[in-house]
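Trainee: I would like to go through the labels used for this model. Please set each one against its definition.

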Amino acid sequence: MMSSAQSNLPLCVYISTGGTIAMKIDPVRKAPVPALSGDELLATVPGIRAIAQLEVVNLFNVPSGYMDPPRWIALQQAAAAALERPEVDGVIVSHGTDTLEETAWFLDLTLASDKPVVLIGAQRNASSPDFDGPRNLLNAARVCASAQAHGLGAMIAMNNQINAARDVSKTHTADVESFKSGDFGVLGVADEDRVVLARRPMRRQHLPLLGGTLPRVEIIPMFGGANGDLLRAAVTLGASGIVIQALGCGNVNADMYEAIRHATGQGIPVVISTRVPHGRVSPSYGFDGGGATLKAVGAVFADDLSPQKARILLMLALQSTQDTDRLQALFDR
């Protein structure tokens, strides 16, 4: 039975989706596999009950590489339903780290509520003696319960650091301090005694889900010797949009330029991102394949969004428009 003191605590809906945080070493495979429910994860953090009431939703238990548009939509619907309830103060999502930044960005774009949405994962599985999941889950509850966390959109809370969905990316395959926000830095930290927030994300926007499916958008890499065949194949296979993982500030070679021109000529939006971790792309260079020539054939520039985040924004935008100017305005916002 819930005590009167507990009933006065903030109520956070905790949606469990799997990932390393929900994995243990399988004795047969001798490797981590999905094993723990959200309720079992909560049991590893007994102190969390003094911070917030947690209502568990076991939505999936899959590796984060299995996350895809249908699962993003199901997660968004579960989170939106929770946030619409007046008694709910926020949502926590546990998730694998490999696509955590994509899911966070998808939720940031599609959820309209000002209530906090805090995503977490773990770099070490639950069989590890230094499992980092419990600390991240505890801090997620602390952020979710913080009045200061309203209006910040979706956040990733890992290793005592709080990062904005738009800015954050996974930067190391194994270190617990993997999620970083590049030039812009963290939103704040979860110190031992309190949550400290130092800035607010300024570049937020809302693109509602307009149906049960999303347009198909592919990411095509640019590299030394790329000939554009992969882009042409994506067009043939029915892609509604293309994101190019270009070089530098948004450049490709002549062969890729011709493939991009072919795609835009068929009315397929092409967005230029970059494989460089930090900085904006821009239509700067004038050689065939330089950014200026890509802009001239109708390509859209992704600003500082990574290819994977540019893909998500393009999928959501294509629900309502293929107009190049309108698409560019969304990426510039």
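**Labels and cut-offs**

Mentor: Aspartate 68 has 26% relative accessibility, so aspartate 68 counts as partly exposed. Buried means under 20% relative accessible area, exposed over 50%, partly exposed in between (1.4 Å probe, protein chains only). This is a predicted model: local features need pLDDT of at least 70, side-chain atom pairs count only at pLDDT 80 or more, and totals for chains, interfaces and linings use all residues. Residues are numbered from 1 along each chain as its sequence is written, and side-chain values use heavy atoms, with hydrogens and water left out.

Trainee: What makes aspartate 68 and arginine 71 a salt bridge?

Mentor: Their side chains meet at 3.8 Å, N to O. A salt bridge needs a side-chain nitrogen of Lys or Arg within 4 Å of a carboxyl oxygen of Asp or Glu. The pair therefore qualifies.

Trainee: Why is aspartate 98 called exposed?

Mentor: Its relative accessibility is 55%, so aspartate 98 counts as exposed. Its salt-bridge partner is lysine 170, with the closest N and O atoms 2.8 Å apart. Lysine 170, at 21%, is partly exposed.

Trainee: Is arginine 166 buried or exposed, and how do you know?

Mentor: Buried, because its relative accessible area is 10%. Arginine 166 forms a salt bridge with aspartate 304, the closest N and O atoms being 2.6 Å apart. Aspartate 304 is partly exposed, at 22%. Salt bridges with shared partners join Arg166, Arg203, Arg280, Asp303 and Asp304 into one network.
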